[in-house]
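Good morning, everyone. Please bring up the model on your screens and follow along with me.

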Amino acid sequence: MVARIISRVAFWSGVVAALSMPFVPTVYRWFNPPRKPPQRADSLWDFLGAILNGLGTVADSIAIAVWTLGVAVAVVVASLVALIAAWRAGESSQRKWLCGLPVLLAVALWGVMVLAF
């Protein structure tokens, strides 16, 4: 009985985590708003500041990818916990296969996000 509850909770937490993946860039931008670029490069220091702002943008993109990857890892862990609990509870093979749905959903959403950005 406890294994079935764990399986269902882990499955639905994996689905919710997978569906939250497209919102990761929005949440990241909310916590770390982008910096305003300098208007003109009048001196060498302004030019170097513009280059550093460009590197900051690259770092933000990498951070968003890492955050999204962290959510994807949580989806995989939740799916594995659901599968192990379903196996331990003696669930049907259809239910065991269903435990892989959050991972497939995360992979599909990751692909959509890569294509969109």
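Start with Trp12. Its relative accessible area is 52%, so Trp12 is exposed. The cut-offs, with a 1.4 Å probe and protein chains only: buried means under 20% relative accessible area, exposed over 50%, and partly exposed in between.

A word on the source. This is a predicted model, where local features need pLDDT of at least 70, side-chain atom pairs count only at pLDDT 80 or more, and totals for chains, interfaces and linings use all residues. Residues are numbered from 1 along each chain as its sequence is written, and side-chain values use heavy atoms, leaving out hydrogens and water.

Back to Trp12. Which residue forms an aromatic pair with Trp12? Phe11 does, and the pair is edge-to-face: 5.0 Å centre to centre, with 75° between the planes. The rule is this: rings of Phe, Tyr and Trp (its six-membered ring) pair if their centres lie within 6.5 Å; planes under 30 degrees apart are stacked, over 60 edge-to-face, the rest tilted. Phe11 is at 4% relative accessibility, so Phe11 counts as buried.

The structure holds three aromatic pairs. Another one joins Tyr28 and Trp67, also edge-to-face, 5.0 Å centre to centre and 90° between the planes. This pair links distant parts of the chain: Tyr28 sits in helix H2 (residues 24-31), Trp67 in helix H3, 39 residues apart. Helices here are DSSP runs (H or I, at least four residues), numbered from the N terminus. Tyr28 is buried at 6%. Trp67 is partly exposed at 37%.

Now helix H1. Which residues of H1 are buried? Ala3, Ser7, Ala10, Phe11, Gly14, Val15, Ala17 and Ala18. Down the axis of H1, these fall within an arc of 165°, so they line one face. That arc uses the directions from the helix axis to the C-beta atoms. The face turned away carries the exposed residues Val2, Val9, Trp12 and Val16.

Last, the surface. Val2, Ile6, Leu69, Val73, Val77, Val81, Trp110 and Val114 form a nonpolar patch, with about 690 Å² of accessible area together. Patch residues have over 30% relative accessible area and no salt bridge; nonpolar side chains are joined within 5 Å, like charges within 9 Å. A salt bridge is a side-chain nitrogen of Lys or Arg within 4 Å of a carboxyl oxygen of Asp or Glu. Areas come from the Shrake-Rupley method with a 1.4 Å probe. H3 gives the most to this patch, four residues.

Definitions and conventions. Helices (H or I, at least four residues) and strands (E, at least two) are DSSP runs, numbered from the N terminus.
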